[in-house]
Amino acid sequence: MGTEEELMFRNFQRLKSYIFDDEKVSTTTSREQQKTESSVEKCFDRFEQIMFTDPRLTQIFRLEHQYYLDAMLRRLPSNYECLDSSRAWCVYWILQAAQLLSFNFDDQTLNHVVQFLSNCRSPTGGFGGGPGQYAHLAPTYAAVNSLCIIGSEQAYRAIDRPTLVQFLFSVRDSDGSFRLHVDGETDVRGAYCAISCAKLLNLPEPVIKELFAGTGDWIAQCQTYEGGFGGAPGLEAHGGYTFCGIAGLALLNEADKCDRQALLKWTLRRQMTYEGGFQGRTNKLVDGCYSFWVGATIPITQATLSGVDKQMEHTLFDVEALQEYILLCCQKQSGGLIDKPGKPQDLYHTCYTLSGVSIAQHSECASSPQVLGDTINELLPTHPLFNIPPKSVAAARSHFSNSNDTE
Ligand code: FPP
Ligand code: K
Ligand code: ZN
């Protein structure tokens with residue numbers, strides 16, 4: 001099973017939690033935690049029993065995941081599997097997961113995807129979740145990311161920058177916060193999606209300045225006493241919103257507006273001692289999707305601190321334990337990945353578990369990829385701030401650097 005330089009699977013000597021950990025009483029929370037640990041332990045045990053007879057179990061089920069993604073992309077246009085308002089998201093989850101696996105769709109399929117996303121574009125700028133729907137920041141982010149992953153002339157043309165900028169201004173409030181759609185709710189996902197699109201499409205600096213005046217300060221207000229970020233000021237810290245908060249601040253070069261030491265401590269405590277994966281908030285259960293939301297937050301935060309603190313050369317979280325959790329507990333034999341053992345596969349978890357594994361393997365702070373098990377497990381890198389390939393970020397920014405359509 002691999003050479004000496006590679007990370008090896010462990011013997012799972014990690015400690016399980018104790019039923020009376022919660023102030024010495026058994027609670028619903030502590031019982032749920034124990035149930036989860038038992039199901040994870042079963043996956044670890046099964047691995048130990050057959051690791052020598054079936055080395056395949058230590059591998060990423062590449063072909064099965066590719067087959068799953070391919071089948072899901074093909075039935076998207078006729079659509080019944082995905083929530084109707086999340087079809088642009090489904091496209092993004094599929095394209096991002098596929099590229100991590102080095103799986104390329106043929107040109108004809110990609111042309112169909114570009115056509116489908118063009119149909120989701122709103123006359124008022126931005127994208128809706130499906131054809132003919134109102135523009136919303138989340139599917140706009142998903143569509144822009146998808147089109148930049150595809151990266152063809154035709155794909156870039158499907159993003160109409162001038163109306164997109166108008167849409168971004170239409171959901172901005174004067175304090176710098178963003179609503180998800182006109183008259184919709186305000187949360188830090190809105191700010192992140194807007195910043196991510198603006199930066200990826202290389203909007204001119206004066207436009208960025210005006211669009212995000214006050215936004216860094218508003219995001220910083222979402223950081224809670226725990227150290228993570230809530231959806232809006234005063235709400236509970238959560239891994240998903242924490243990613244949006246720090247990635248948004250980092251893209252604006254305003255990470256110093258939040259307390260990064262507190263943030264780093266909070267995110268590091270989200271890695272579960274026994275399971276190896278991350279939870280999304282204090283006292284909740286491990287979930288594969290936080291491999292990205294929390295996993296990416298750690299190197300992003302470290303990167304904004306480097307120079308301030310020269311000590312941090314490698315990723316502070318346990319990249320080996322995270323890969324163990326995803327490889328042994330979150331893969332479906334039939335393809336697709338999951339939240340935790342016993343759950344069904346879905347595109348969202350397939351995208352964010354694989355994205356998290358990629359982050360663990362290619363963390364910016366480490367010099368060579370930290371791949372657990374067989375070298376076949378190495379995924380392509382992802383840009384931690386946008387969650388698309390680093391080369392797609394560079395290509396999109398360079399493509400749009402010469403446009404003067406928004407000046
Ligand atoms: C809690 O679900 C989930 C949330 C409060 C929202 C999470 C936010 C994201 C995942 C970020 C989305 C990012 C973008 C860019 C749109 P839960 O209570 O079912 O899960 P939990 O028990 O793990 O907290
Ligand atoms: K969850
Ligand atoms: Zn999840």
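This is a predicted model: local features need pLDDT of at least 70, side-chain atom pairs count only at pLDDT 80 or more; totals for chains, interfaces and linings use all residues.
1. Nonpolar core. The largest nonpolar core has 114 residues. Within this core, Ile 94 and Leu 117 touch the most other members. Helix α3, residues 87-100, supplies the largest share, 11 residues.

2. Contacts of Leu 117. Neighbours within four places in sequence are left aside here. Leu 117 is then in contact with Ala 88 and Val 91, and also with Phe 127 and Ala 143. Ser 146, Leu 147 and Ala 158 complete the list of its contacts.

3. Helix α7. The helix spans residues 161-170. Its buried residues are Leu 164, Val 165, Phe 167 and Leu 168. They cover an arc of only 160 degrees around the axis, so they sit on the same side of α7. The face turned away from that buried side carries the exposed residues Pro 162 and Phe 169. The cover over the buried residues of α7 includes α8 and α9, the latter being residues 205-211.

4. Thr 186. This residue lies in the loop between α7 and α8, where α8 covers residues 188-200. Is Thr 186 buried or partly exposed? Thr 186 has 18 other C-beta atoms within 10 Å. A buried residue needs 20 or more, and an exposed one has 12 or fewer. Thr 186 is therefore partly exposed.

5. Surroundings of Thr 186. Residues up to four places away in sequence are not counted here. Thr 186 touches Asp 173, Ser 177, Phe 178, Arg 179 and Ala 232. As for Arg 87, 99 residues of sequence separate it from Thr 186. In space, the two are 22 Å apart, C-alpha to C-alpha.

6. Helix α12. The helix runs over residues 260-268. Arg 260, Leu 263, Leu 264, Trp 266 and Thr 267 are buried in it. Seen down the axis, these buried residues fall within an arc of 165 degrees, so they line one face of α12. What do the buried residues of α12 pack against? They pack against α11, residues 239-251, and α13, residues 290-305.

Terms used
Residues are numbered from 1 along each chain as its sequence is written. Chains are lettered from A and ligands numbered from 1 in the order in which they are written. Helices (H or I, at least four residues) and strands (E, at least two) are DSSP runs, numbered from the N terminus. The arc is that of the directions from the helix axis to the C-beta atoms. Two residues are in contact if their C-beta atoms, placed from the backbone, lie within 7 Å. A nonpolar core is a set of buried Ala, Val, Leu, Ile, Met, Phe, Trp, Tyr and Cys residues joined through C-beta atoms within 7 Å.
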